[in-house]
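Subject: Structure handover

Hello,

Here is the structure I promised to pass on. Please open it first, then read my notes below.

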Amino acid sequence: MEALNIFERNVKWRFQNPVTLVMTLVQPLIWLVIFSTLFTGSSNGDVGYTAFILPGILVMTVLSGAGISGIATYSNKENGSFYRMIISPIKRGSIVLGHIFDAAVLCLIESTVLSIIAFLMSVRIGTGIFGLLLAVLLLFVVIFFVAGISYAMSMVIPDENAFIAMINTLTLPLFFLSTALLTKDQAPGIFKVLISINPFTYAIDSFRNLIIDNSVNWMQYGIAIGLFTALSFVVFTIAKKTLHFNTRL
Amino acid sequence: MEAIKVEKLSKAYKNNTQALNELSLNVKRGEVFTLLGSNGAGKSTLINILTTFLRPTSGKVTILGKDISKNTKEIRREISCVAQKISIDSHLTLRENMLFQGRLYKMDHSSMEERMETLISSFGLEDYTNERVSTYSGGIKRRLDIAMSLMSSPKILFLDEPTVGMDIESRRAMWDIVRQVSREMNTTVFLTTHYLEEADILSDTICIMQDGHEIVQDTPQNLKQYTTKQVIKQPTLDDVFLALTHERRS
């Protein structure tokens, strides 16, 4: 209930400022429409490159949308609403959750737009409606993890510009050092190791299975959702702690 | 029982700035207490500690009989603060802002509605209820800011320099609001200001502070005695303030 109050407030701001939605959608959209068309034929077998690249683009959307979501903390501090919330008896965890749910709405809307465009480009989900539901659940857990990190970072980094620079620095390597653009087997030497230790690789592989294949690879899905649930739990705890310690200096 | 008791409170920031230096003061229940000091005296730091936003380096704070370091959550339910800068959400309407505030304090829906109507009427905000806050004038925003802070019926209301930058007419309107909050709503008011006239008119008790430490705490009337012992025949609070702060510096 407490988290819903924060969420409702944040989401109202979001819908009155749709530019935040559009801006974080531009880059994934370019990748989906231009690059997937440009590189068609470079993927494995009969699968179109658009279907192959879509999972990576969904993760890119989460990395940019939920990754930058912590920036709201700076405007909340500036306009005083952060102080108003902190001195109220609300649980610190509810403040973090309200933030994460707002980022989830943003990313799920963007992912829906991208998926509809991919559908128009002849991409179909091999595992059907059930696979789609599994994908949404996995996407939510990935968003939770990224938005949680973003919130914790916004508590620790005092300057807004430094925060943006840090997010941009982290986003690109996490995207390129994953299986977003090519499979692990296609990657050369040391990159195979780096791709293996990037948790987003497991989410992308599982999304790819749900989109391209005709049956769910439960082992792959279990690893991905288990990994991100565990990471989300850790990050949520860290975000709560950073909020607590940075407001009781 | 005192509303607030502060004992030898110190606060040093990470950059070694000593904002508060063994400050002690007492605020009685139901009174308007004014903390008077020039810029940088430590007023805002003290308010931030008393509203549970900052943790002191040393010293003890008791609010409504409870230790602030041990009963933070209980104390948060009983207090509210109007910050120096207006802190309302401009993307919400007046009603949405007030409901948001009520939910922060876990008020149930019917209590929120009832309280909101009372405050809207008390603060003359009837004409603005469904408009986006971004369209309001500064004065209306400030009234809403205070009304929001009173949603939870706090026992203590902190006002951190609420009239700074206001013209004299708006400032007088604000004084009426402070009196109304104190008398009609039975709320202890803890006010910080550097306007001496304001402190003189509104306060039951004034504490003058400088360099993070209290110099004197007394009623406005008694404070004026401090200078009659000296040269000035009919001193204003300005004379008292200047005399005391100058005496301490020299």
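From the N terminus on, the elements of chain A run α-α-α-α-α-α-α-α-α-α-α. That comes to 11 helices and 0 strands. Helices here are DSSP runs of H or I with at least four residues, strands are E runs of at least two, and both are numbered from the N terminus.

A word on conventions. This is a predicted model, in which local features need pLDDT of at least 70, side-chain atom pairs count only at pLDDT 80 or more, and totals for chains, interfaces and linings use all residues. Residues are numbered from 1 along each chain as its sequence is written, while chains are lettered from A and ligands numbered from 1 in the order in which they are written.

Confidence in chain A
The score is pLDDT, the predictor's confidence in each residue, from 0 to 100. Chain A has a mean pLDDT of 91, with 96% of its residues at 70 or more. Within chain A, helix α2 (residues 19-38) has the lowest confidence, at a mean of 85. Helix α7 (residues 128-156) has the highest, at 97.

Overall form of chain A
The radius of gyration of chain A is 18 Å, close to the 18 Å that the globule rule gives for 249 residues, so chain A is as compact as a globular protein of that length. (The radius is taken over C-alpha atoms; the rule is 2.2 Å times the number of residues to the power 0.38.) Its C-alpha atoms fill a box of roughly 60 × 40 × 35 Å along the principal axes. Of the 249 residues, 46% count as buried. Buried means 20 or more other C-beta atoms within 10 Å of the residue's own, exposed means 12 or fewer, and partly exposed lies in between; C-beta atoms are placed from the backbone. Of the contacts in chain A with a separation of 6 or more, 81% join residues 24 or more positions apart. A contact needs two C-beta atoms, placed from the backbone, within 7 Å.

Helix α8 of chain A
Look at residues 160-176 next. This helix, α8, has 17 residues and reaches 25 Å from its first C-alpha to its last, close to the 24 Å expected at 1.5 Å a residue. (The expected span is 1.5 Å times one less than the number of residues.) Which residues of α8(A) are buried? They are A:Phe163, A:Ile167 and A:Phe175. These residues cover an arc of only 75° around the axis, which puts them on the same side of α8(A). They pack against α3 (49-65), α4 (71-79) and α7 of chain A. On the other side, the exposed residues include A:Asn161, A:Asn168 and A:Leu172.

A:Asp159 counts as exposed because it has 10 C-beta neighbours inside 10 Å. Its C-alpha atom is separated by 8.1 Å from that of A:Tyr74, 85 residues apart along the chain.

Chain B
Chain B has 9 helices and 10 strands. Its C-alpha atoms fill a box of roughly 55 × 40 × 35 Å, taken along the principal axes. Of its 250 residues, 42% count as buried.

Where the chains meet
In total, 21 residues of chain B are in contact with 19 residues of chain A. On the chain B side, α2 (72-78) and α3 (94-104) each supply at least two residues.

Best wishes

Conventions:
Expected span 1.5 Å × (residues − 1). Arc of directions from axis to C-beta.
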